[in-house]
Amino acid sequence: MVLKENKIYGKPKNETQAKEYIKGLLQNDKSHYIITGISIIIEKNGKYKEFKTFDKTKIFFKDISDDEIDKWIKTGKALDRAGGYGIQDEFAVFVEKIEGNYTTAVGLPVHKVYDIIKAYI
């Protein structure tokens, strides 16, 4: 989930909404959070254990012009990403910095997954 100032930015329904989302994420300090949930069920010796957790990463954008936003949206990828962008795509050039784990921003915090399953490997 993409979160800024208590507003959740899901996948945009159309190009207009995608542009609104990106422009919204650029407001104020140009930062927002990506929160990724994890649920893992592990079976060992016929017993199941469930782990639920999440990780949060803060993303800071650079300034992005309307033309640059429009070019990104025209790639077609904006409609398939929460917040209208993917840090792992060409959009990465607009990310100034991140505070937290990159894989959380991509959508699978592998460091957390590893911490959960390492006792069972």
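Glu5 sits in the loop that runs between strand 1 (2-4) and strand 2 (7-9), where helices (H or I, at least four residues) and strands (E, at least two) are DSSP runs numbered from the N terminus. Its phi is positive, about 50°, although Glu5 is not a glycine. The model you are looking at is predicted, so local features need pLDDT of at least 70 and side-chain atom pairs count only at pLDDT 80 or more, while totals for chains, interfaces and linings use all residues. Residues are numbered from 1 along each chain as its sequence is written, and side-chain values use heavy atoms, with hydrogens and water left out.

**Loop residues with positive phi**

- Glu5 counts as exposed because its relative accessibility is 57%; here buried means under 20% relative accessible area, exposed over 50%, and partly exposed in between (1.4 Å probe, protein chains only).
- Lys30 is another residue other than glycine with a positive phi, in this case near 60°.
- You can find Lys30 in the loop between helix 1 and strand 3 (31-44), and its 23% relative accessibility makes Lys30 partly exposed.

- Let's turn to the strands: 5 of them form an open sheet in the order 2-1-3-4-5, with antiparallel pairing; two strands pair if DSSP finds at least two bridges between them.
- Strand 2 and strand 5 (95-99) stand at the edges with a single partner strand each, so one side of each has no neighbour in the sheet.
- From one strand to the next, the twist averages 30°; axes are lines fitted to C-alpha atoms, for helices over the stretch in contact, and angles run from 0 to 180 degrees between N-to-C directions.
- Strand 1 and strand 2 run antiparallel and are joined by 3 bridges, and Lys4 has Lys7 in strand 2 as its bridge partner.
- Helix 4 (residues 110-117) packs on the sheet, where it touches strand 3 and strand 4, and its direction makes about 25° with that of strand 3; contact means heavy atoms within 4.5 Å.
- Strand 1 also pairs with strand 3 in the antiparallel sense, over 2 bridges, and the bridge partner of Val2 in strand 3 is Ile34.
- Between strand 3 and strand 4, which run antiparallel, there are 14 bridges.
- His32 stands opposite Ile59 in strand 4.
- A hairpin is formed by strand 3 and strand 4 with 2 residues between them, and Asn45 in the turn has a positive phi of about 55°.

**The nonpolar cores**

- The largest nonpolar core has 21 residues, and those with the most contacts inside it include Ile22, Ile59, Phe61 and Trp72; such a core is a set of buried Ala, Val, Leu, Ile, Met, Phe, Trp, Tyr and Cys residues joined through side-chain atoms within 4.5 Å.
- Helix 1 (15-25), strand 4 (47-61) and helix 2 (66-74) each supply at least two residues of this core.
- Helix 1 gives the most to this core, with 4 residues.
- Ile64 touches Ile22, Leu26, Ile69, Phe91 and Phe94, leaving aside residues up to four places away in sequence.
- There is also a second, separate core of 6 residues, with Ile40, Phe51, Val113 and Ile116 among them.

**Salt bridges**

- A search of the whole structure finds 12 salt bridges, each defined as a side-chain nitrogen of Lys or Arg within 4 Å of a carboxyl oxygen of Asp or Glu.
- One of these joins Asp29 and Lys4, whose closest N and O atoms are 3.8 Å apart.
- Asp29 lies in the loop between helix 1 and strand 3 and Lys4 in strand 1, so this pair ties together parts that are 25 residues apart in sequence.
- Within the pair, Asp29 is partly exposed at 43% relative accessibility, whereas Lys4 is buried at 5%.
- Glu15 forms a salt bridge with Lys74, with the closest N and O atoms 3.1 Å apart.
- This pair links distant parts of the chain, since Glu15 is in helix 1 and Lys74 in helix 2, 59 residues apart.
- Glu15 is partly exposed, with a relative accessible area of 37%, and Lys74 is exposed, at 61%.
- Glu50 and Lys52 form a salt bridge too, their closest N and O atoms being 3.7 Å apart.
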